[in-house]
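These are my notebook entries on a structure I looked up.

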Amino acid sequence: MAARISRAKQRIKAAGSSFGLPDGAEREERVRVVLHVLYLIFNEGYTASSGSELHRADLAHEAIRLARMVHAQLPEDGEVAGLLALMLLTDARREARTTAAGDLVPLEEQDRATWDRGLIDEGIELVKASLAGPSLGPYQLQAAIAATHADAATAAETDWPQVHALYLVLERIAPNPMVTLNRAIALAEVEGPPAGLALLSTLDSDERMAGHHRLLSVRAHLLEKTGDTAGAHELYRRAAKSTASIAEQRYLESRASRVRP
């Protein structure tokens with residue numbers, strides 16, 4: 001990961017040196033690569049893929065710092081602003097995502113009073129500015145989704161139709177199985193768990209999702225909502241065995257225990 005951060009810094013420097021050149025396509029490609037690397041670094045910092053800790057705050061903060069550097073050089077770029085906004089709005093929830101013992105707390109159960117309002121306000125302003133531009137990209141849409149969640153005072157007040165609509169657009173411009181999985185969660189909130197489960201079934205033939213703990217855990221969650229506790233129990237346990245994150249393992253095992261037939 002340290003090497004990845006070093007490469008990101010080098011690419012930011014290289015991209016910065018080309019901003020004044022007339023070759024817009026070359027600059028666009030360089031910026032796209034930089035943003036993708038920063039996105040990966042931030043995600044690893046926000047939800048570590050392995051180990052005992054859910055977060056690696058050092059990585060998340062470094063990704064935000066580097067994204068601020070890029071935004072300072074390209075303040076009019078909607079996708080740069082969108083990625084920075086996404087990072088800020090997501091990182092604002094970090095303290096609420098775990099208990100004192102380090103156990104994972106899902107979004108709907110988090111104490112929203114502990115969310116960092118300063119980061120949220122900054123992120124929302126960036127979202128508004130980026131969406132006012134002439135183009136719309138995946139980072140802007142993800143930031144808009146994060147802003148919709150941040151706008152809700154409680155989980156029950158979440159504007160799920162808006163979240164689902166944004167995922168629909170995101171799915172069209174940047175198709176990805178994880179986008180479809182997240183849309184299934186929103187669809188379940190709008191039309192009910194069976195609708196979400198039906199959408200999840202379209203991912204079963206996707207090799208990228210085979211045995212993925214996120215697909216297993218979301219399906220388990222929706223089965224639990226339908227009252228199929230036996231099915232939910234089995235899938236929660238399979239999901240726990242499919243992730244290398246100890247924090248996620250503990251959470252999924254606790255969900256399995258809660259719905260044990």
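Before comparing helices, I note that axes are lines fitted to C-alpha atoms over the stretch in contact, and that angles run from 0 to 180 degrees between N-to-C directions. I also note that the model is predicted.

Entry on H10 and H11. I looked up how helix H10 (residues 213-226) packs with helix H11 (residues 229-241), and found an angle of about 160° with the axes 8 Å apart. Angles over 145 degrees count as roughly antiparallel, so I record H10 as roughly antiparallel to H11. The crossing of H10 past H11 is left-handed. On the H10 side, the contact is made by His213, Leu216, Ser217, Arg219, Ala220, His221, Leu223 and Glu224. On the H11 side, I list Gly231, Ala232, Leu235, Tyr236, Arg238 and Ala239.

Entry on H3. I checked the span of helix H3 (residues 57-73), which has 17 residues. At 1.5 Å a residue they should span 24 Å, and the end C-alpha atoms are 25 Å apart, which agrees. I then looked up the buried residues of H3, and they are Leu59, Ala60, Glu62, Ala63, Ile64, Leu66, Ala67, Val70 and His71.

Entry on Thr90. Is Thr90 buried or exposed? Its relative accessibility is 11%, and buried means under 20%, so I count Thr90 as buried. I place Thr90 in helix H4 (residues 78-91). A polar atom of the Thr90 side chain lies 2.7 Å from the backbone oxygen of Leu86. Leaving out residues up to four places away in sequence, I find that Thr90 touches Phe42 and Tyr46.

Notes: Residues numbered from 1 in each chain as written. Predicted model: local features only at pLDDT ≥ 70, side-chain atom pairs only at ≥ 80, totals over all residues. Heavy atoms only, no water. Helix = DSSP H or I, 4+ residues; strand = E, 2+ residues; numbered from the N terminus. Buried < 20%, exposed > 50% of the residue type's maximum accessible area, 1.4 Å probe, protein only. Polar contact = N/O pair within 3.5 Å; in protein donor to acceptor, adjacent residues only side chain to side chain. Contact = heavy atoms within 4.5 Å. Expected span 1.5 Å × (residues − 1). Parallel < 35°, antiparallel > 145°, perpendicular 65-115°, else oblique. Left-handed = near helix turned anticlockwise from the far one by under 90°.
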